[in-house]
Amino acid sequence: MKILKVIFGGDESDKFAMTERHWLICFWLILLALTLMSVFIAESADPTAWTVLFVSMTVTLKGQLVIDRLMGLRHANPLIRGLMLMYFYVLALLIVWALLFPEQLAALTTL
Amino acid sequence: MKDKLGSSFNFTAQIQNASDERPTPANIAVWILIWAELSEFALFFIVYLVVRSHNPEIFSEGPKHLNTLAGALNTLVLLTSSYCVARAMAGIRAGNTDTCMKWLTATLAMGLTYCGIKAWEYHWNGEAGIDSRTDKFFTLYYYLTFNHLLHVLVGMCTISWAMFRVQLGAFSPQQHEGLEGAACYWHMIDLAWIIIFPLLYVLR
């Protein structure tokens, strides 16, 4: 109970801090749920194109949530935010391509 | 030369002033460090994908021998640690040093938990006869995860230093750039793991 009080409770007394705290809890729980969902799907089903697409989308979504909500870049400098988000979009696409079309990547990287 | 310096300062000023609502956390030096670290991880990810494309059987079989529970637990621990850092930042913004310290302590505890789980995982691998020379998959697995573990240790030192400065009263609701830098570095560690976990443990 004390642990739950530490996690969900808080000392910030003003209204803004209360709202921010509740949003942070909400995003944290979404992140945990996305992680558990992707593990469950990958463990319970044979690897298919849909599994790869789902897990890659989960990675992008989790990255965006951490960057925007936990790091606090949602309303920050668009260049810094854009570069951070691009990292996840580009890598997720690269993962999808490499896992769904490995022959193409192998051909491209054969000397 | 003067023009070049002038344009460089303008660029820095642009980075720091272009935000529309909230100021960007930390400073430009921290963001350059974060991009450098993420680029290093990106290079490892690309190497992993290229080697995987040349050895599909080894890389399809490899994850089946890993301790997925340890990987999943570490993901949950790191996401929780990011939440703790965000709460610490909310605390200092509200001018509450005690709240900030409480959540930074929780972040450190999460970092220690991560290290403990990682030690258990490596021990578990050793018991199963797995090491970095087992095959190409495990070479890359150890390279990526050990490199990430080193970043977690550096992050824990950074958070400890930030806690020391909070205790000294170095940060206020108006001025807490150093703490923001430590927080952003810790989030970066979490971001790298968000990609490492599915790449090594989940996608087969």
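Start between the two chains. Chain B and chain A are joined by two salt bridges. This is a predicted model, so treat every distance below as a property of predicted coordinates.

**Stop 1: the salt bridge at the interface**

Select B:R93 and A:E20. Their side chains form a salt bridge, with N and O 2.5 Å apart. Now widen the view to the polar contacts across the boundary. Eight residue pairs are in polar contact between chain B and chain A, with both residues at pLDDT 80 or more.

**Stop 2: the face of chain B**

Colour chain B by helix. Pick out α2(B) next. With 14 residues, α2(B) gives the most to that side of chain B. Then colour the touching residues by type. On the side of chain B that faces chain A, 32 are nonpolar, 14 are polar and nine are charged.

**Stop 3: the whole contact**

Show both partners of the contact. Chain B brings 55 residues and chain A brings 54 residues. How much area is buried between chain B and chain A? The figure is about 4,700 Å², and carbon and sulfur atoms give 75% of that area. The size of an interface is often given in this way, as the accessible area lost when the parts come together. For the model as a whole, the scores are ipTM 0.86 and pTM 0.87.

**Stop 4: chain B from end to end**

From the N terminus on, the order reads α-α-α-α-α-α-α. Chain B has 204 residues, of which 53% count as buried. Look at the contacts between residues at least 6 apart in sequence. In chain B, 81% of these contacts join residues at least 24 apart.

Switch to colouring by confidence. Chain B averages a pLDDT of 91, and 89% of its residues score at least 70. Now select residues 1–20 of chain B. Here pLDDT stays under 50. The model has 17 contacts beyond four places in sequence for this stretch. Where pLDDT is low, the predicted coordinates should not be read in detail.

**Stop 5: inside helix α5 of chain B**

Select B:E121 and B:K118. They form a salt bridge, and the closest N and O atoms are 3.1 Å apart. The two residues are separated by about one helical turn, because they lie three residues apart in helix α5 of chain B. Is B:E121 buried or exposed? B:E121 counts as buried, because its relative accessibility is 0%. B:K118 also has 0% relative accessibility and counts as buried.

Stay on the helix and select B:N125. This residue, too, is found in helix α5 of chain B. B:N125 is buried, with a relative accessible area of 0%. Which residues does B:N125 touch, leaving aside neighbours within four places in sequence? Show B:I130, B:Y141 and B:Y142, which are in contact with B:N125.

**Stop 6: A:D68 and its partners**

Bring chain A back. Over all chains, the whole structure has six salt bridges. Select A:D68, which is buried at 5% relative accessible area. A:D68 forms a salt bridge with A:R74, and the closest N and O atoms are 3.8 Å apart. A:R74 counts as partly exposed, at 37% relative accessibility.

A:R81 counts as partly exposed, at 21% relative accessibility.

**Stop 7: the loop between α3 and α4 of chain A**

Finish on A:N77. Where is A:N77 placed? The residue lies in the loop between α3 (49–70) and α4 (78–100) of chain A. A:N77 counts as buried, because its relative accessibility is 2%, under the 20% cut-off. Display the backbone of A:L79 as well. The side chain of A:N77 reaches the backbone nitrogen of A:L79 at 2.8 Å.

Technical notes:
Residues are numbered from 1 along each chain as its sequence is written. Chains are lettered from A and ligands numbered from 1 in the order in which they are written. Side-chain values use heavy atoms; hydrogens and water are left out. Contact means heavy atoms within 4.5 Å. Buried area is the accessible area (1.4 Å probe) that two parts lose on being put together, summed over both. A salt bridge is a side-chain nitrogen of Lys or Arg within 4 Å of a carboxyl oxygen of Asp or Glu. A polar contact is a pair of N or O atoms within 3.5 Å; within protein, one must be able to donate a hydrogen and the other to accept it, and residues adjacent in sequence count only if both atoms are side-chain atoms. Helices (H or I, at least four residues) and strands (E, at least two) are DSSP runs, numbered from the N terminus. Ala, Val, Leu, Ile, Met, Phe, Trp, Tyr, Cys and Pro count as nonpolar, Asp, Glu, Lys and Arg as charged, and the others, Gly among them, as polar. pLDDT is the predictor's confidence in each residue, from 0 to 100. Buried means under 20% relative accessible area, exposed over 50%, partly exposed in between (1.4 Å probe, protein chains only).
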